[in-house]
Amino acid sequence: MSGRNTALTPPADAAAPVRHPDAPAPGELLGAHYEHCFGCGDGQPHGLHLEARAGEGVRVTAEFTVRPAHQGAPGLAHGGVLATALDETLGSLNWLLRVIAVTGRLETDFVRPVPVDTVLYLEAEVTAVAGRKIYCTAVGRIGGPQGPVAVRADALFIEVKVDHFIDNGRPEEIQAAMADPDQVRRARAFEVNP
């Protein structure tokens, strides 16, 4: 797209993304990375409850239903909620790379309004990797994969160590997540943007 920020353009020496051999299989539901995540967690009554699935290559698809609690203007999704859905979907890509990464930059285009009770279908893919920088893009469509485009985003994620969360998160949540006896849940709690 023209007019995009150069910070979201991969450098000439960026590498093509490589799906990790232990990444979930295409079609596999990724599940919530953390129960209390506003984007995907079941522990958030007004959260998006976004469900992401692994796709082919380094791609994911996701869906969420816009509920009345997500509206901004009467009967329409709040733009910040739509940006959150894009961010959550883009963050899910990191599970396919098997890295811990946080959102460094997210640029969103709002193409058309999204009514309450609409299912937003999202597709995202990693386009390039340069060192700790992960470049990716996403699109959200109303009603399904062939529906009209409602939102688009380009993003830059930055790979971090788990210390990023431990050093900056609230101690009670960090301790609870670290104490989880389930190794997969414990690791996934820290997999995407805080």
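This is a predicted model: local features need pLDDT of at least 70, side-chain atom pairs count only at pLDDT 80 or more; totals for chains, interfaces and linings use all residues.
**View 1. Six strands form an open sheet.** Follow the strands across in the order S1-S2-S4-S5-S6-S3, and you will find that the pairing is antiparallel. The edge strands, S1 (51-54) and S3 (101-110), each pair on one side only. From one strand to the next, the twist averages 20 degrees. As background, strands of a sheet pair through backbone hydrogen bonds, either parallel or antiparallel.

**View 2. Strands S4 and S5 run antiparallel and form a hairpin.** Ten bridges join S4 (residues 119-130) to S5. Look for tyrosine 121, whose bridge partner in S5 is arginine 141. Two residues lie between the strands of this hairpin, and glycine 131 in the turn has a positive phi of about 65 degrees.

**View 3. Strand S5 pairs with S6 in the antiparallel sense.** Here S5 covers residues 133-142 and S6 covers residues 149-159, with nine bridges in the pairing. The hairpin of S5 and S6 has six residues between the strands, and glycine 143 takes a positive phi near 85 degrees.

**View 4. Strand S5 is largely enclosed by the rest of the structure.** Why can we say this of S5? Seven of its ten residues are buried, so the strand is largely enclosed. Buried here means under 20% relative accessible area. In the sheet order, you can find S5 between S4 and S6.

Key. Residues are numbered from 1 along each chain as its sequence is written. Side-chain values use heavy atoms; hydrogens and water are left out. Two strands pair if DSSP finds at least two bridges between them. Helices (H or I, at least four residues) and strands (E, at least two) are DSSP runs, numbered from the N terminus. Axes are lines fitted to C-alpha atoms, for helices over the stretch in contact, and angles run from 0 to 180 degrees between N-to-C directions. Buried means under 20% relative accessible area, exposed over 50%, partly exposed in between (1.4 Å probe, protein chains only).
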